[in-house]
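Open the model in your viewer and keep the sequence panel beside it. The stops below go from one selection to the next.

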Amino acid sequence: LTLIIIRTNMADTNTNSYSFTSFESTSDILNTIVDDGVCPSHPEESINVFCYTDKSFMCLKCSIQHKGHHITAFDSLDDARDIIKEVNSTLFCSKHKEKTCQFYCEVESRPVCETCCIVSCKNHDVSEISDLYQKCKHQLDELHSQVSAVNGSTRIQSILKATGEIIKRLEDKKEKDATKIDDEFEEVIRKLAARKQ
């Protein structure tokens, strides 16, 4: 899944661009670029620039108004596809839109960038996302082992219960068979005693 582009009017610059707004397929985004292909503000210009800060596609002329933003030019739909994949697989900071999140603030319960770590989260408990991932993975592995042990223990318990029931039935049968043997033995003894008389 990727983000769909819709045409937006940038109020501060009076230009239009195609911005990411919601999840859709990469082909929808690329079809929008191919179908329209031209900048809404500059019909003579083709869409060939992406602004990482605003997460929007635009023409080269519009990109001039994005001074100070992280922008990149692309030559083909394959390049646009690569940009879309990159943006969708990268976690950007909610406060510093052009910066990627490499940390997680426990106090604010959110991913943060380096700037946030220095400025707004400097006294907070902050972990690297990669370390946190490893910690969570380890906890999940331990939990999986515990669940497997419980499932194994439950299975062993059910096997022991079934074995206990079989043993009880065998003991009951043993008692019945022993009683039957005793009864038949006594019958044989009585018959022999009756013959002797």
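Start with a sheet: three strands form it, it is open, its order is E7-E6-E8, and the pairing is antiparallel. Strands here are DSSP runs of E of at least two residues, helices are runs of H or I of at least four, and both are numbered from the N terminus. Two strands count as paired if DSSP finds at least two bridges between them. Select 110–112 for strand E7 and 126–128 for strand E8; these are the edge strands, each pairing on one side only. On average, neighbouring strands of this sheet are turned by 35 degrees against each other, direction ignored.

This is a predicted model, in which local features need pLDDT of at least 70 and side-chain atom pairs count only at pLDDT 80 or more, while totals for chains, interfaces and linings use all residues. Residues are numbered from 1 along each chain as its sequence is written, and side-chain values use heavy atoms, with hydrogens and water left out.

**Inside the sheet**

Select residues 103–105, which are strand E6; E6 and E7 pair in the antiparallel sense over three bridges. Cys105 has Arg110, in E7, as its bridge partner. Next, show helix H5, residues 129–196, which packs on the sheet and touches E6, E7 and E8. The direction of H5 makes about 85 degrees with that of E8. Such angles run from 0 to 180 degrees between N-to-C directions, with axes fitted to C-alpha atoms, for helices over the stretch in contact.

Now go to the loop between E6 and E7, where Ser109 is found. Ser109 is not a glycine, yet its phi is positive, about 50 degrees. Most residues other than glycine have a negative phi.

Within helix H5, pick Asp131. Asp131 is partly exposed, with a relative accessible area of 49%; that class lies between buried (under 20%) and exposed (over 50%), using a 1.4 Å probe and protein chains only. Draw a C-alpha to C-alpha distance from Asp131 to Phe103: the two are 9.1 Å apart in space and 28 residues apart in sequence.

**The cysteines**

How many disulfides does a search of the whole structure find? The search finds zero, a disulfide being a pair of cysteine sulfur atoms within 2.5 Å. Select Cys101, which is in no disulfide; the nearest cysteine sulfur, that of Cys93, is 4.7 Å away. Cys101 counts as buried because its relative accessibility is 10%. Cys136, at 36% relative accessibility, counts as partly exposed.

**The cores**

Select Ile47, Phe50, Tyr52, Phe57, Phe74, Ala80, Ile83, Ile84, Val87 and Phe92: these ten residues make up the largest nonpolar core. A nonpolar core is a set of buried Ala, Val, Leu, Ile, Met, Phe, Trp, Tyr and Cys residues joined through side-chain atoms within 4.5 Å. Helix H3, residues 77–89, supplies the largest share of this core, four residues. Apart from this core lies another, of nine residues, among them Cys101, Cys105, Cys116 and Cys121.

Return to Tyr52 and show its contacts (heavy atoms within 4.5 Å). Leaving out residues up to four places away in sequence, Tyr52 touches His70, Thr72, Ile83, Glu86, Val87, Phe92 and Lys97.

Then move to the loop between strand E3 (49–51) and strand E4 (56–58), the place of Asp54. Asp54 counts as partly exposed, at 31% relative accessibility. From Asp54 to Ile71 the C-alpha to C-alpha distance is 9.2 Å, and the two are 17 residues apart in sequence.

**The whole chain**

Finally, zoom out. The protein chain has five helices and eight strands, following the pattern β-β-α-β-β-α-β-α-β-β-α-β-α along the sequence. Of its 197 residues, 25% count as buried.
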